[in-house]
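Hi,

Here's the structure I promised to pass on. Have a look at it first, then read my notes below.

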Amino acid sequence: MAVTKEKTLDPDDWRAMRTLGHRMLDDMMNYLETIKSRPFSFPPMEAIQNICVPLTREGEGEEKVYELFKQHVLPYTAGNNRPRFWGGVGGTGSPYGMLAEMLRAGTNNAIEAVGLDSAGYVHKQVIEWVKEMLDYPKEAGGVLVSGGSEANFTGLAVARNARAEVDVKSKGVQEVPHRMTIYVSDGGHHCLERSVELLGLGNESLRWIPSDDDHKIKLDALKMAIREDKEHGCYPFCIIGNAGSVDTGAFDDLNALADIAAKEKMWFHVDGVFGCWVKISKTHRHLADGIERADSLAVDLHKWMYMPYGLGCTLVKDRLAHFGTFAYGHEAQYLKAGIDLIKAEGDPLSNPHYLALPLSRSFLSLKAYMTLRAYGRDRYTDLIQQNLNQAIYLGELVKKDPDMELLAPVASNVVCFRYRPKGLDEAQLDKLNKTIADEINKILFWMVSDTKVKGKFTLRAAIVNHRSRKEDFDYLHSLVKELGEKALKDVKI
Ligand SMILES: Cc1ncc(COP(=O)(O)O)c(C=O)c1O
């Protein structure tokens, strides 16, 4: 019988693979170094046709596929690495973060468990640093997750299980005697609604409470909604505070929310996905006062901490409740030896495998660990401060311009503004600014995004970009003016 050679994905020729790897690294460094001058484009048909192909049986080879990536994928990726990207809340990553990602993939570490492997201690240390930077209580625990949505989901899962009137872990939400209701301002992120749905609570249980002119939740309206829900037999169990709302960057009065939650014996969760990082700024720390009183806090590191996507973090004060929510109902026998070791040597309450949905981990903590340790807290303070100052600068450009206006106060790093020549009504202004947004998107999709603020169409810059410079905001200001003037002439308003 002929002997077939056993197969592997390791290269036959390590030297050739190393050469290819060096080329990839050089290419990506060149890409990042020249990111400012790279034109933006949506993928043309040729690129799409080259991407969407049948999978071959025999494979096309590493070199060829890399060339395809360079030619058809890389040039048409989204624009969020660029210095003039302020749409959505788009993080920029960093070259060192990219290198850390390579190391992460190289180790391919599936475990991050204190007592078992080094990655467990790396994870634990990152959680310590995040708590420390955010002035969150030392005794709290936490877990790194894929991003802000998962960070909120994780915190709200703990809230549900900790506060439900039945043991949700065994009975499910099927047996709760009263509808569990949850409260957030009308500026809350839509991922919260998704979490509430996935947690089996139903989106009708999420009460969107009106916000005031500063886009903070109206406390009286919140109190009234809780009272009315109780009168109608519901069980109000959780208040969500915004620490940096996605549309306007507004902060709720977190201390007031913590007071209400304490009085009503409700869980207090804060969505501070990007905004909580004002805590390490010099000028805006106070906005996040009260964050330390949250029972759970959702944070991410891939937007305003400039780390590679996807990286978020959930901090929870009641570590047992957190552990209890995600710990497996029964022990898997195939993991028993590892689990016994972790229990004996480690600290199960710090073990991320018991604190979030995935079983296998992907050494998420490494990119946070390496970038935080390499650059140190002061560098992040300076960058966050720089973005806050840039938001103020852009806000001033708008305020000084008689043909423009702010549509929300510049509370933190988000600027909502529109072109507003005299003599147009609201419908015409919406249409004019929509035309401006469409034109901007052709230059760089989501250079700024648009949204509605109190029903008015607005351009919106969310500044979480370490590559932006002051002149980039001068450019944005004059671009909006130029496009606005042109649209006024061309578009029949
Ligand atoms: C306030 C807020 N919460 C949650 C999210 C969702 O985070 P992610 O996109 O990381 O899932 C975002 C995203 O921008 C956000 O701004």
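Let's start with strand β3: there, L206 is the bridge partner of I182. Before going on, bear in mind that this is a predicted model: local features need pLDDT of at least 70, side-chain atom pairs count only at pLDDT 80 or more, and totals for chains, interfaces and linings use all residues. Residues are numbered from 1 along each chain as its sequence is written.

A quick word on names: helices (H or I, at least four residues) and strands (E, at least two) are DSSP runs, numbered from the N terminus. Two strands pair if DSSP finds at least two bridges between them.

So who pairs with β2? Strand β3 (residues 206-209) runs parallel to β2, with four bridges joining them. Strand β4 (residues 235-242) also pairs with β2 in the parallel sense, over four bridges, and T181 stands opposite P236 in β4.

Now for burial. Six of the six residues of β2 (residues 180-185) are buried, so this strand is largely enclosed by the rest of the structure. Buried here means that 20 or more other C-beta atoms, placed from the backbone, lie within 10 Å of the residue's own. Both faces are covered: M180, I182 and V184 are buried on one side, and T181, Y183 and S185 on the other.

Finally, the ligand. It is surrounded by 14 residues, and G147, G148, S149, H189 and V273 are the closest. Helix α6 (residues 148-163) gives the largest share of that shell, three residues.

Cheers

Technical notes:
A residue is buried if 20 or more other C-beta atoms lie within 10 Å of its own, exposed if 12 or fewer, and partly exposed in between; C-beta atoms are placed from the backbone. A residue is near a molecule or strand if its C-beta atom, placed from the backbone, lies within 6 Å of it.
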